[in-house]
Amino acid sequence: MGDWKKNLRVVEPYVPGEQPKQENMIKLNTNENPYPPAPGVEKVLKSMETGDFRLYPKPDARELVDALAEEYKVPANQVFVGVGSDDVLGMAFLTCFNSEKPVLFPDITYSFYPVWADLFKIPYNRPALDENFCIKKEDYFVENGGIVIANPNAPTSIAMPLADIEEIVAKNPDSVVIVDEAYVDFGGKSALPLVDKYENLLVVQTFSKSRSMAGMRIGFAIGNKELIDAMYAVRNSYNSYTMNMPSILCGVEAVKDRVYFDKTRNAIMETRADVAKKLEALGFTVLPSSANFLFAAHESVPAEELFMMLREKHIYVRYFKSPRINNYLRITIGTPEQMEIFLAEVEKYLASK
Ligand code: PMP
């Protein structure tokens, strides 16, 4: 037997929330949107000619890039698109973090960041959130090889004031600061208006949450032209056709329909306020959410117990068995009807204790 195994890259992969195959389940565990995508998406999908699939898609995903440039009022050469924001973030790590100095991101944040850093052999430090689960901006005023901030943060749901983000970007002219805005459309303040002012800022967003298209896998980044050029150079050195034809064309329809976008994200924000109030009345501490999910801990019943109880009833929420957050549940906001069923089960269980 040879020793080929010593040459393998050994990584601890990211583990996404489970995707159970069950009918009539209530799925509140991966921050998907309970509403369908904008109506134009179905129309364009149905009108597609499958004969066109013989051909490669446009490598620059022109239509989608142009639609995003128009919607966010930036030149098209400042827009990078990828296969969900995971792809965009991975490419951004690979492109922007090539220093010997550590990259910085919080101890509690999106658990994919340390996975990419390990995969790409990027050193990193993880400053702790404060006792209220807020990011301490001062922790990012030290020498570093780059910074990643999820705003709003996950799984805490808490947004950081834009002025604090700006201060972090302004104090780090020698590093790229990635602001991951996966949840920004549910009440956060986007850093996009700062992109013209700071060359070292990269804002990343996704179609998976506020545009109800997790299954289509579309994400994008907006930054200054040189930064975006560098990302495309890296992407094109790895795989030049990441965006498939249906997602390019469906993505355009989702971006164009601002009315539907506002209607669905407002519905989620309203449901969120209602559910937070009801959970508090049941004895939960609920962190102030600017995302499409709540992060909540009960005063007496452990989160893991509630998680298991709900799972038996085919109601799926997310539980993280990690230090500091192992008594919290992350609950995605579904439709009002789904949330009523969820709340009724929780209430019934608490009453039985
Ligand atoms: N960033 C954060 C903070 C997330 O929670 C997620 C969702 N898992 C992503 C990025 C990636 O989402 P997607 O690849 O579906 O765009």
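**The ligand shell and the loops**

Q: Between which two elements is the loop that holds P152?
A: This is a predicted model, where local features need pLDDT of at least 70, side-chain atom pairs count only at pLDDT 80 or more, and totals for chains, interfaces and linings use all residues. Residues are numbered from 1 along each chain as its sequence is written, and side-chain values use heavy atoms, leaving out hydrogens and water. Helices (H or I, at least four residues) and strands (E, at least two) are DSSP runs numbered from the N terminus. P152 is found in the loop between β5 (146-150) and α5 (162-170).

Q: Which residue is joined to P155 by a cis peptide bond?
A: The loop between β5 and α5 also holds P155. Here a cis peptide bond joins N151 and P152, with omega about -5 degrees. For P155, omega is about 5 degrees, and the partner in the cis bond is A154.

Q: What is phi of H314?
A: H314 has its place in the loop between α9 (303-312) and β11 (315-316). The residue is not a glycine, yet phi is positive, near 65 degrees.

Q: Which helix gives the largest share of the shell around the ligand?
A: The shell has residues with a heavy atom within 4 Å of the ligand; among them are G84, S85, D86, L89, D180 and K209. By type, the shell divides into four nonpolar, four polar and four charged residues, with Tyr counted as nonpolar and Gly as polar. The largest share, four residues, comes from residues 84-96, helix α3.

Q: How much of the ligand's exposed area does the protein bury?
A: Let's start with polar contacts (pairs of N or O atoms within 3.5 Å): a ligand nitrogen is 3.2 Å from an N or O atom in the side chain of Y110. Ligand oxygen atoms give two further distances, 2.5 Å to a side-chain N or O atom of T206 and 2.7 Å to a polar side-chain atom of R217. Taken alone, the ligand exposes 410 Å² (Shrake-Rupley method, 1.4 Å probe), and the share buried by the protein is 91%.

Conventions: A polar contact is a pair of N or O atoms within 3.5 Å; within protein, one must be able to donate a hydrogen and the other to accept it, and residues adjacent in sequence count only if both atoms are side-chain atoms.
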